[in-house]
Amino acid sequence: MDWSRVLGWIKKPKLWQTPGSVIGVDIGFSSVKVVQIKTEQGRLILETYGEIATGPYGDLAVGQAINLNTEQIVTLLDDLFREANVTSRTGAIAIPLRSSLLVTMEVPEVSNKELPQVVSLEARKYVPVPISEVALDWWVIPKKIDEEITIPTRERENTLKTKMVEVLVAAIHNDTLKQYQAIAQAAKLDTRFFEIETFGAIRSSLGTELSATAILDLGAGTAKMTIVDYGIVRVSHTINKGAQDITTAVSRSLGVSFAKAEEIKRKVGLMEQVGEEHIAPTVNPMIEFIFSEVNQVILDYQRKYSRAVNKIILIGGGSLLAGLPEVAKGLVETPIVLGEPFDRVEAPPFLTDVLAEAGPSFAIALGVALRVLNNH
Ligand SMILES: Nc1ncnc2c1ncn2[C@@H]1O[C@H](COP(=O)(O)OP(=O)(O)OP(=O)(O)O)[C@@H](O)[C@H]1O
Ligand SMILES: [Mg+2]
């Protein structure tokens with residue numbers, strides 16, 4: 001699908017000089033990630049990537065979520081670009097889902113001329129601020145898909161009376177866009193667009209598959225779940241538990257600092273290790289909570305649209321928790337895989353294992369960078 005259509009606040013393209021290296025930036029709650037890629041004779045090459053924890057820039061520990069201000073983010077980006085040897089300053093930045101809105105809504109089928117007004121009116125029900133304060137874009141879910149899969153029988157009867165169409169609506173508050181523009185300017189970035197992180201995650205995690213797939217981004221603050229069907233976002237759902245909550249729980253149960261708990265979490269994970277702290281009993285209930293919600297959203301989707309969700313792709317730093325996929329597999333029937341976004345790009349063979357391990361964290365940064373190249 002044409003993502004630029006879904007997200008209309010792309011800067012007017014400048015005339016491209018040579019399509020050199022580009023970057024994608026993901027400013028997460030607990031860490032900022034960057035990926036630099038380029039095309040060479042039609043091949044996508046990974047040039048560099050890197051990540052820096054946000055916590056220490058606001059006097060918190062590594063892994064702790066914090067909303068840094070513009071100045072702190074710019075300092076962090078400076079350090080990140082230097083340490084990761086990022087040479088390009090052309091690219092794009094992902095906007096966190098928590099600062100945006102992504103929703104599928106049904107509106108009466110009207111003429112193309114009237115549709116913008118109808119969508120804008122309906123969107124007011126979902127957008128908690130005056131509609132004039134947001135950048136709003138929307139995309140009609142193709143009728144063909146609607147007819148084939150998305151209208152349940154009861155609603156189908158209703159649609160005989162009033163024909164409805166489903167519309168995917170994306171909104172970002174103008175203040176958020178302004179803040180990101182200020183960050184880009186202060187960091188001397190030539191940003192081509194801003195897009196909601198969900199779209200970056202989809203671009204790098206999903207191929208061209210048409211079957212319904214769930215992407216679960218286990219971030220520090222929250223877990224963000226997206227169901228994509230026929231390549232289109234059908235469900236965007238946020239679960240209010242994140243990987244940071246796991247560290248906090250470990251810190252409490254073991255009576256250690258957050259920093260120490262973070263270290264133990266990363267080292268031990270959910271594995272049983274002789275002579276090590278055993279944190280699974282503390283962590284498992286949180287994993288169960290997250291995946292029971294994931295399961296519910298999938299079941300609701302399958303019931304509503306009579307369409308099977310064929311797999312769950314895990315991304316985000318939280319998915320690196322050792323043993324998580326194995327535990328999660330026991331909690332949901334839908335097959336679970338770890339995202340492998342770096343599979344889309346070429347890199348030196350000696351990096352294969354490292355990239356597979358780090359991949360899930362960089363899904364958004366890479367996805368955003370891919371669009372910068374695609375737009376060429
Ligand atoms: N090797 C690891 N093992 C276990 N947990 C890890 C590992 N690496 C990172 N994490 C956890 O992942 C979380 C960070 O994930 P991620 O970088 O996706 O979050 P974020 O993008 O900063 O947050 P958000 O998406 O909520 O804004 C942290 O809570 C961290 O503890
Ligand atoms: Mg994130």
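**Figure 1. Overview of the predicted chain.** The chain holds 13 helices and 13 strands. The model is predicted. Of its 376 residues, 52% count as buried. Contacts reach across the sequence: among those between residues at least 6 apart, 70% join residues at least 24 apart.

**Figure 2. The open sheet of 5 strands.** The strand order is β11-β10-β9-β12-β13, and the pairing is mixed. β11 (232–239) and β13 (336–338) stand at the edges. Each edge strand has a single partner, so one side of each is left without a neighbour in the sheet. From one strand to the next, the twist averages 20°. Helix α10 packs on this sheet. The helix touches β9 (212–218), β10 (223–229), β11, β12 and β13. The direction of α10 makes about 150° with that of β11.

Figure 3. Strands of a sheet pair through backbone hydrogen bonds, in either a parallel or an antiparallel sense. M225 stands opposite H237 of β11. The hairpin of β10 and β11 has 2 residues between the strands. Y230 in this hairpin takes a positive phi near 50°. I312 has I336 in β13 as its bridge partner.

**Figure 4. Packing of helix α8 against helix α10.** Helix α8 spans residues 243–254, and helix α10 spans residues 280–305. Their axes lie 9 Å apart, at an angle of about 150°. Angles over 145 degrees count as roughly antiparallel, and α8 and α10 are therefore roughly antiparallel to each other. The crossing of the two helices is right-handed. On the α8 side, D245, I246, A249, V250 and S253 make the contact. By class, the contact of α8 with α10 has 6 nonpolar, 2 polar and 1 charged residues. In an α-helix there are 3.6 residues a turn, so residues three or four places apart point the same way.

Figure 5. How many of the residues of helix α7 are buried? For α7 (residues 197–205) the count is 9 of the 9, so this helix is largely enclosed by the rest of the structure. The buried residues are E197, T198, F199, G200, A201, I202, R203, S204 and S205. The axes of α7 and helix α13 (residues 363–374) come within 7 Å and cross at roughly 85°. That makes α7 roughly perpendicular to α13. From α7, the contact takes in E197, G200, A201, R203, S204 and S205. From α13, the partners are A363, I364, L366, G367, V368, L370, R371 and N374. This contact has 6 nonpolar, 5 polar and 3 charged residues.

**Figure 6. E106 in strand β5.** E106 is found in strand β5 (residues 100–108). Its relative accessibility is 27%. Buried means under 20% and exposed over 50%, so E106 counts as partly exposed. Where does V140 lie relative to E106 in sequence and in space? The two residues are 34 apart in sequence and 9.6 Å apart in space, C-alpha to C-alpha.

Methods: Residues numbered from 1 in each chain as written. Chains lettered and ligands numbered in written order. Predicted model: local features only at pLDDT ≥ 70, side-chain atom pairs only at ≥ 80, totals over all residues. Heavy atoms only, no water. Axes fitted to C-alpha atoms, helices over the stretch in contact; angles between N-to-C directions. Helix = DSSP H or I, 4+ residues; strand = E, 2+ residues; numbered from the N terminus. Parallel < 35°, antiparallel > 145°, perpendicular 65-115°, else oblique. Left-handed = near helix turned anticlockwise from the far one by under 90°. Contact = heavy atoms within 4.5 Å. Nonpolar A, V, L, I, M, F, W, Y, C, P; charged D, E, K, R; others polar. Pairing = 2+ DSSP bridges. Buried < 20%, exposed > 50% of the residue type's maximum accessible area, 1.4 Å probe, protein only.
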